[in-house]
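Trainee: Could you walk me through this model, please? I have some questions ready.

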Amino acid sequence: MAADLAGRRYRTWYAMLLRLYPRPFRERFGEGMAQTFRDLCREHSDTGRGLFGLALWIFAETVVGIVRENITRMNQLPKTILRVALVSLGLLMAPLVASRVVNDWNWNAGAFVRVYLLFFVTGMLYAAIAKKMRTWAYKAGVGMALVAGFALGWSTMVQTADSGHPERLWYLSVLVVGFIGACLARLKAPGLAVTLFAMAAVLALISVVLPSGAPSDMALRMAIGHGVFVALFTASGLLFRHASLAALR
Amino acid sequence: MAKKNRVEAPLTPAVLHILLALSTGERHGYGIMKQVEADSQGKVKMGPGTLYGSMGRMMEAGLIRESDKRVDPEMDDERRIYYKLTGMGRSALEAELRRYRGVVAVAEGRLVYGR
């Protein structure tokens with residue numbers, strides 16, 4: 001009875017200790033580690049040995065592991081930042097070259113800096129979110145949602161500036177829905193699936209309700225563009241749904 | 001530690017023991033721990049911190065991967081994540097064992113001939 005009580009107490013403390021691991025590590029191995037600790041406690045109890053020595057050894061050994069994993073994680077961060085910064089620089093080459101080739105593409109230095117920051121923030125968002133889960137579907141879903149969101153935001157800003165139709169800023173509400181949904185879902189796959197489906201639905205609704213005010217050939221191109229975005233958001237939602245189902249298996 | 005697609009010997013003792021434990025089949029964390037203890041005749045005792053830390057790095061290096069989550073028929077009714085060797089993991093283990101054989105051959109030659 002006393003051993004059971006001590007075992008329960010040690011398991012509770014061990015679960016608290018595991019919280020000190022970096023989140024990605026904890027989410028990946030926390031459950032397995034807690035299970036292994038339970039197995040070791042049971043093995044010791046079954047052979048009539050006390051748990052104090054075992055708990056002391058495991059706790060000390062785990063603390064060393066916690067320090068090591070946190071140091072490893074801290075060392076990885078500058079690498080991620082550098083990688084994202086370089087990729088963003090590579091992507092910036094596209095508008096930079098285009099501004100030299102395409103007529104009427106006259107961005108000033110400030111515009112390039114803003115675009116670079118957009119690329120960088122999007123890249124860091126991807127790196128931060130994709131680390132949360134290791135399933136390919138989740139990572140692909142995050143990538144697709146960010147690319148589609150980025151492209152929608154970008155094209156909305158450009159078209160609003162070019163056409164002088166401020167009502168087109170309504171399209172940005174799709175991104176607002178995405179942001180709020182992602183926060184409410186706390187980046188968990190099931191919630192993100194619902195969020196992406198909602199974004200697709202909101203975009204489809206705005207496309208139908210909001211008059212484009214464009215000539216018919218332009219309106220057709222816009223409708224095709226909206227269809228592509230709706231398909232991308234829906235596909236991203238399906239990927240998150242796949243990831244959430246995979247996690248249940 | 002080996003990098004993905006590039007297996008470099010020597011491996012750390014923990015990594016070698018985990019590879020050895022998984023060489024005969026899929027195991028969960030506690031199963032690996034017990035197999036390591038048995039393989040080393042009780043000389044190597046690995047705690048969860050070392051075990052899962054090493055496994056994390058091995059998974060990143062592509063040496064092992066998760067298999068599935070199922071109940072161990074010899075234990076309780078809890079579902080456990082099983083781990084298995086990858087092709088790269090098996091190659092790394094074989095390369096490490098070849099290296100050990102080479103070291104042992106040199107050492108034995110020196111002991112016998114005093115070179």
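Trainee: At what angle do α1(B) and α2(B) pack, and how far apart are their axes?

Mentor: Before the answer, a word on conventions: this is a predicted model, in which local features need pLDDT of at least 70, side-chain atom pairs count only at pLDDT 80 or more, and totals for chains, interfaces and linings use all residues. Residues are numbered from 1 along each chain as its sequence is written, while chains are lettered from A and ligands numbered from 1 in the order in which they are written. Helices (H or I, at least four residues) and strands (E, at least two) are DSSP runs, numbered from the N terminus, and axes are lines fitted to C-alpha atoms, for helices over the stretch in contact, with angles from 0 to 180 degrees between N-to-C directions. On that basis α1(B) and α2(B) pack at an angle of about 100°, and their axes are 9 Å apart.

Trainee: How are α1(B) and α2(B) oriented to each other, roughly?

Mentor: Angles under 35 degrees count as roughly parallel, over 145 as roughly antiparallel, 65 to 115 as roughly perpendicular and the rest as oblique. The angle here is about 100°. The two helices α1(B) and α2(B) are therefore roughly perpendicular.

Trainee: Which residues of α2(B) does α1(B) meet?

Mentor: Two residues are in contact if their C-beta atoms, placed from the backbone, lie within 7 Å. By class, this contact has six nonpolar, two polar and one charged residues (Ala, Val, Leu, Ile, Met, Phe, Trp, Tyr, Cys and Pro count as nonpolar, Asp, Glu, Lys and Arg as charged, and the others, Gly among them, as polar). From α1(B) come B:H17, B:I18, B:L20, B:A21 and B:L22, and they meet, in α2(B), B:I32, B:Q35, B:V36 and B:D39.

Trainee: Which residues of α4(B) does α1(B) meet?

Mentor: The axes of α1 (residues 13–22) and α4 (residues 87–113) of chain B come within 10 Å and cross at roughly 115°. The residues of this contact divide into five nonpolar, one polar and one charged. On the α1(B) side are B:L16, B:L19 and B:L20, and their partners in α4(B) are B:G89, B:A92, B:L93 and B:E96.

Trainee: How many residues of α1(B) are buried?

Mentor: A residue is buried if 20 or more other C-beta atoms lie within 10 Å of its own, exposed if 12 or fewer, and partly exposed in between, with C-beta atoms placed from the backbone. Among the buried ones are B:V15, B:L16 and B:I18, and the buried residues of α1(B) pack against β1, α2, α3, β2, β3 and α4 of chain B. The helix α1(B) is mostly covered, the buried count being seven of its 10 residues.

Trainee: What is the strand order of the open sheet in chain B?

Mentor: Two strands pair if DSSP finds at least two bridges between them. Strand β1 (residues 27–28) is joined to β3 (residues 79–85) of chain B by two bridges, with B:Y82 as the partner of B:H28. Strand β2 (residues 64–71) of chain B pairs with β3(B) over six bridges, and B:I64 stands opposite B:L85. The pairing is antiparallel, and the order is β1-β3-β2.

Trainee: Which strands of chain B stand at the edges?

Mentor: Each edge strand has a single partner strand, so one side of it is left without a neighbour in the sheet. In chain B these strands are β1 and β2.

Trainee: Which element of chain A gives the most to the side that touches chain B?

Mentor: Chain A comes to eight helices and zero strands, and 17 of its residues are in contact with 13 residues of chain B. Both α2 (23–46) and α3 (52–101) of chain A supply at least two residues to that side. With nine residues, the element that gives the most is α2(A).

Trainee: Is A:R186 buried or exposed?

Mentor: This residue, A:R186, lies in the loop between α6 (172–185) and α7 (189–209) of chain A. Although not a glycine, A:R186 has a positive phi of about 50°. With 9 other C-beta atoms within 10 Å, A:R186 is exposed.

Trainee: What phi does A:L187 have?

Mentor: The loop between α6 and α7 of chain A also holds A:L187, which is partly exposed, with 15 other C-beta atoms within 10 Å. Most residues other than glycine have a negative phi. A:L187 is not a glycine, yet its phi is positive, at about 65°.
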